[in-house]
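Hello,

Please find the structure below. My notes on how its parts touch follow it.

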Amino acid sequence: MNAPAERATALAGIGESRLRKEDARFIQGKGNYVDDLKLPGMLHMDIVRAPVAHARIKKINKAAALAIPGVHAVLTADDLKPLKLHWMPTLAGDVQAVLADEKVHFQMQEVAVVVADDRYIAADAVEAVEVEYEELPAVVDPFAALQPGAPVLREDLAGKTEGAHGKRTHPNHIFTWEAGDKAAADAAFASASVKVRQKMLYPRVHPCPLETCGCVASFDPVRGELTTWMTSQAPHVVRTVVSMLSGLPESKVRIISPDIGGGFGNKVPIYPGYVCAIVASIVLGRPVKWVEDRVENISSTGFARDYHMDGELAATGDGRITGLRVNVVADHGAFDACADPSKYPAGLFHICSGSYDIPAAYCRVDGVYTNKAPGGVAYRCSFRVTEAVYLIERMVDVLAQKLNLDKAEIRRRNFIRKEQFPYRSAFGWEYDSGNHHDALEKVLTAVDYNALRAEQAAKRADPNSSTLMGIGLCTFTEIVGAGPSKMCDILGVGMFDSCEIRVHPTGSALARMGTISQGQGHQTTYAQIIATELGIPSEEIQVEEGDTSTAPYGLGTYGSRSTPVAGAAIAMAARKIHAKARKIAAHLLEVGEGDLDWEIDRFKVRGDDKRVKTMKEICWAAYHEPPPGLEPGLEAVHYYDPPNFTFPFGIYLAVVDVDKLTGETAVRRFYALDDCGTRINPMIIEGQIHGGLTEGYAVAMGQQMPFDAQGNLLGNTLMDYFLPTAVETPKWETDYTVTPSPHHPIGAKGVAESPHVGSIPCFTNAVVDAFAHLDVTHMEMPHTSWRVWKQIKQSGVS
Amino acid sequence: MSKKLISVQVNGRTVEKAVEPRTLLVHFLREELSLTGVHIGCETSHCGACTVDVDGQSIKSCTVLAVQCDGSEVRTVEGLASGGVLHAVQEGFYKEHGLQCGFCTPGMLMRAQRFLLENPNPTEEEVRAGMAGNLCRCTGYQNIVKAVLYAAHKLQEKQEAAA
């Protein structure tokens, strides 16, 4: 018998940097993405899109398109009307046109679809559909949209003064949402000795996963069953919505998310293309494939952010924050299709008091319609947490500059202290755990912060220095793992998650999940949790997800919820099996259950090391000779409804050198310390952090979706939209502390979004810090060389 | 549209097919030959997910016509392993966690193996420049660079053993 330590290592359970199980297929070109699917008789769909942002549709002429050999159908809103499918509900309680119904609301909006034998003929047919538009003035700026007399976008909502989230105060207004205590915050400001205010724009960006969105819809007219393979981060929710829209019983709808080439929030919403492909398959009785191209992906699918924020801090003279006030105008585009839990139209934005003990806080968000694509997805973040963290981390720096306080010191003075956890914030969240002070000191020591500040001072004093040096700090707290179903639901379905585990007679196991990986490595890490819980080697555990006909119902993967919610469901399902295994072991060893000790992969009779039953033996017994009165088999299902969110945190530090001549910003160093609680697979965690930091770098330094006054998107290819290559991408240094979540079964908190959320303000803080001695308190993202160069000129840097 | 007969060596096998002149190489490989390891990420030759070898060069197959490859030798990710043994770049990406969602991976691997033929003993900076035609949204490249260096080392060892 091997020693326990050896046996534990052989399991490759929690804490092991286990190599990834999914890699074998991906490195050999045997992945199975939606576009790889080919079904007999499959047709191809393509979409006719609006060239203008705001217009009435006068006429659509399909004749030329239909005359092309190989074209099977051209569908417009008028064709969907009899089916009542020309509009569909959004996740945010609004409706969205599936195909433009009399009016176009944004450039590249879906106007018609064509279905043809292959994608080339479909593309020809798109060109041949003639659409006559009567252009209307476009509304691009959300502040202009709220002016009296502004052109009204949503004529379908005429006269509706109540929306899904309360009162609408203007035809282009969607909702006003408030959190915190306004009176308390106002009182804090009235009595404050120091006040700062900063307006900032978190620009519209796009998650831009490398694989675009698409589906293959296959309706079987004989059986009346619909199977759809789809790039969806939430296949079960899609099944429910498709059933509601189509009238097909949910038991006859099967949604399969196969391998997904990155999601980052972009693959949460239900897009018109999916609906049209399903309709086309039902109408034509043949499988229909739709895969969008890159321009379509950037132009029409879920964008992120677009928050115009106005922040204020009240503080004492020595830098203790006493109050926070935030007002936001949120540009939601033409339809409110934000992907948030139903009750939260601004997501979890009210985490914006951050890692700080702020006694009074208030925020207000107003959602506005403009002639832009709908979306508002969480781009590698939990619902609007990125915006919240950006706001507070910028504001703390603004306050530090006002008080001439060091940016690390102001954080020390305001952090929630570790003995305050669990901590109730002024917005009402209960932060489960944290230890910011120790983590901050670890980072400051690792980078020799004092030496960096001394170097910066020397550079500032040296007129011959060719660079401006900036040091950025971001000490964030996230809120992930949505969520407790008493608070969080999607279209009424609680945001729990699920796991089913079947342990086979010979001791291997199959786990089926309600989540779906888009690169996170679930097949590897979920198995590690089971391995540790049940003593079954992770190599012998198969993990399946993404097929609604086999997996238990789950809400999917986004908002860093897989580990906090589904990871907990796995542990709980495994514990049900463990409890049964103990009964079987007690029966086999002829002792009471209480006389058994668990050790790695076996039960031992306490005080008698020779009397053991391994999990492998127990598995066989479960099917061969279960104890009398106990049903055979070894399976469990668990639906986990988390009691709270989890609150991962981190301390990030960036050092940048800005070229005084060109405005180019070089990232000299980026040090990221993350605390995600229990670490399941350190290799995968580090990989996720590298990726998130790189996305954060892209957002902070280059990504934006600029529109002209007519609502034309000026950058919708990868020529214009910044995705960094290996050359621009900085080198990342990672570190960690471990503060387990007290309410999660294995103490894990989720990690993959922290580096995106935390790095973006860190970059901005670093760039602004380079100019801090010149009285610059804020610079808008993205920090391209051009923008930074303009600041250099404006600040009179020679 | 009238079709043109082309003959292409794909992963060591001669393929003769009639294709439309406008058919892109990537669609020829994916749809005619079912080599779906070749991916489409942008259709504008920016992302590199469609990278394959054509006559000893890295080529983005989304912006090359199949008819342009008449008489050429094409190699895709499906032809990378031989005799059930992974190529060093495949092993490197696995061992160094050089992939996450896997969508960019075939293009990365094809570029990496060609790059290492062009520069068998690269520095980290040379790897970064040599792989700059391939975008990844998941990994942040750090482990991809490690993976390519792993493969370089492995290939060198192999060559030394053979010598």
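Two residues are in contact if their C-beta atoms, placed from the backbone, lie within 7 Å. The model is predicted: local features need pLDDT of at least 70, side-chain atom pairs count only at pLDDT 80 or more, and totals for chains, interfaces and linings use all residues. Residues are numbered from 1 along each chain as its sequence is written, and chains are lettered from A and ligands numbered from 1 in the order in which they are written.

Between the chains, 42 residues of chain A are in contact with 43 residues of chain B. On the side of chain A that touches chain B, the elements giving two or more residues are α2 (23–26) and α18 (682–701) of chain A. Helices (H or I, at least four residues) and strands (E, at least two) are DSSP runs, numbered from the N terminus. The largest share of that side, six residues, comes from α18(A).

Within chain A, the domain assignment gives domain 1 (4–31 + 497–640), domain 2 (34–136 + 212–260 + 267–300) and domain 3 (304–482 + 645–794); such bounds come from an automatic or database assignment. The centres of domain 2 and domain 3 of chain A, taken over C-alpha atoms, are 37 Å apart. Here 19 residues of domain 2 of chain A are in contact with 23 of domain 3 of chain A. Helix α10 (residues 294–300) of chain A gives the largest share of the domain 2 side, five residues.

Chain B has domain 1 (4–79) and domain 2 (88–162), with centres 22 Å apart over C-alpha atoms.

Regards
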